[in-house]
Amino acid sequence: MNKFIRIDENSRIPKYQQIIDSIIANISSGNLTMDQKIPSINMFSEEFYLSRDTVEKAYSILKQRNIITSIRGKGYYISRTKLISKVNVLFLINKLSSYKLRTYNNFINSIGANCHTDLHIYHCDETLFLNLLDKNKLAYDYFIIMPHFKTEDLKHVSATENVIKAIQKIPLDKLVILDNIRLGIEGDFIKIYQDFENDIYTALIKGISKIKKYKKIMLIYPNKAVYPYPRRILQGFRKFCAEYKLDFEILDKVYYDMILKKGDLFITIEESDLVDLVKQVREDEYILGTDIGIISYNDTPLKELLGITVISTDFRVMGEAAAQMILNKEKGSVKLPFNFIDRNSL
C-alpha cells in the first residue's frame, strides 16, 4: 500500500488530512480493496517519518467514517470499497417535521451520488447537539446546521453561548447554516435563511385583500413548546396588525370547545392546532373559508391536499441551494423566498 500514499512536505494541508485523502483516493481508484490490510500506526509513521499522533489521528477519523476498521490483535483493514464519497456531510436538524425532511430530501437529491450524508436530530436540546458535534467534529467535510434551541422554560433561543462556541470551532469553509442565522457568527461561510419577522409581515400583506374581510385575527403561537418557534414571528405579526389597524389576539393553543365567531381568522403554527381547529369549525357547522378563515405556517403536502392557505418559505429551495453551493464551492448568504399561498381556507 505504501507505494500509493503521497505525503507532500511542502503542502499547507495537515499531514493527517493528507493521509485521509490519499487512502480515500486509492480506494476510489481501486488500488485498495475491501478487507485489504493496511500498515499499523507504528509502521505508517516509520515509513513516512511522521509522528505517531499524526497517523493515529488520521486512522481515528477514517474509523469514524467506517472507511477502515480495526481488529484486535490483527490490525487495520479497509471496510468500504464502494466509491468513497468526495463529500461527507453531517446534517443536524432540530426536529423531524415534514417540511424539514423536505429540505433534507431535496439536499440529498441535489448533491448527487458522490456525497455521503448522515442525518441527526437533536430535538432543540443543547446537550444532545453538543455531544453530536463533539463526537463528529473531525469526521466530516461539511457541517449543515439548523439552529433552533429551547430554554429551560421551553421558549425559543437561536443558540446558547456553549452552542456558539462549539460552532465557532468548525472551519468556516466547512460550515453551512440553514433556516436561522441569528447566531452572531461572522465570516465567509454558507448561510441560507429565513427572516422570521419580516417574512410573516410581508406574506400577510400579500393576502391583505382577503384578510381584511375578517373581523378579528387570532395567532395561535405556542408560548412554551418542546419544539419552540422564534419569537420574531410574533413581532412580525404584531407589526402587520398595527399597520393595517386590525383587531387581533395571540393565543398559546387551540382550546377545547373554544368559542368561534363568524368572521374569525386564525393563523396556526403547529399542525396539532390546525387539526383541532378544523375539527371545531366542522363541529360548529361553520363554512371554512367563508365564516371562519385559517392560514397555516409552513406548507406541507397534506395542507396542499386539504386546501389550507399557508404562509411559508420553500423548504425544497433551501435544500437545493445548500447542495449547489457545496458543489460549486461557493460562500455567502441566500435569503429564501417566503410566500403567501392562497387556497380554500381563506
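**Ground rules.** I number residues from 1 along each chain as its sequence is written, and side-chain values use heavy atoms, with hydrogens and water left out. Since the model is predicted, I take local features only at pLDDT of at least 70 and side-chain atom pairs only at pLDDT 80 or more, while totals for chains, interfaces and linings use all residues.

**Entry 1, strands.** I looked up strand E11 (residues 216–220) and found that it pairs with strand E12 (residues 248–251) in the parallel sense, over four bridges. Helices (H or I, at least four residues) and strands (E, at least two) are DSSP runs numbered from the N terminus, and two strands pair if DSSP finds at least two bridges between them. Opposite Leu 251 in E12 I find Ile 220. With helix H9 (residues 232–243), E11 and E12 make a right-handed β-α-β unit. Right-handed here means that, with the strands pointing away from the viewer, the path from the first strand over the helix to the second runs clockwise.

I searched the whole structure and got 13 aromatic pairs. Rings of Phe, Tyr and Trp (its six-membered ring) pair if their centres lie within 6.5 Å; planes under 30 degrees apart are stacked, over 60 edge-to-face, and the rest tilted. Tyr 122 and Phe 129 have ring centres 5.0 Å apart and planes at 65°, so I log them as edge-to-face. Both Tyr 122 and Phe 129 are buried, where buried is under 20% relative accessible area, exposed over 50% and partly exposed in between (1.4 Å probe, protein chains only).

Phe 237 and Phe 248 are also edge-to-face, because their planes stand at 90° with the centres 5.5 Å apart. Phe 237 is in H9 and Phe 248 in E12, so this pair ties together parts 11 residues apart in sequence. Is Phe 237 buried or exposed? Phe 237 is buried, at 0% relative accessible area, whereas Phe 248 is partly exposed at 32%. I also noted one aromatic cluster, formed by Phe 44, Phe 48, Tyr 59 and Tyr 76.

My cut-off is NZ of Lys or CZ of Arg within 6 Å of the ring centre and within 35 degrees of the ring normal. The charged end of Lys 57 sits over the Tyr 16 ring, 4.1 Å from its centre. Lys 239 puts its charged end over the ring of Tyr 201, 4.3 Å from the centre.

I found Val 275 in helix H10 (residues 271–283). Val 275 is partly exposed, with 44% relative accessible area. Its C-alpha is 31 Å from that of Asn 109, which is 166 residues away along the chain.
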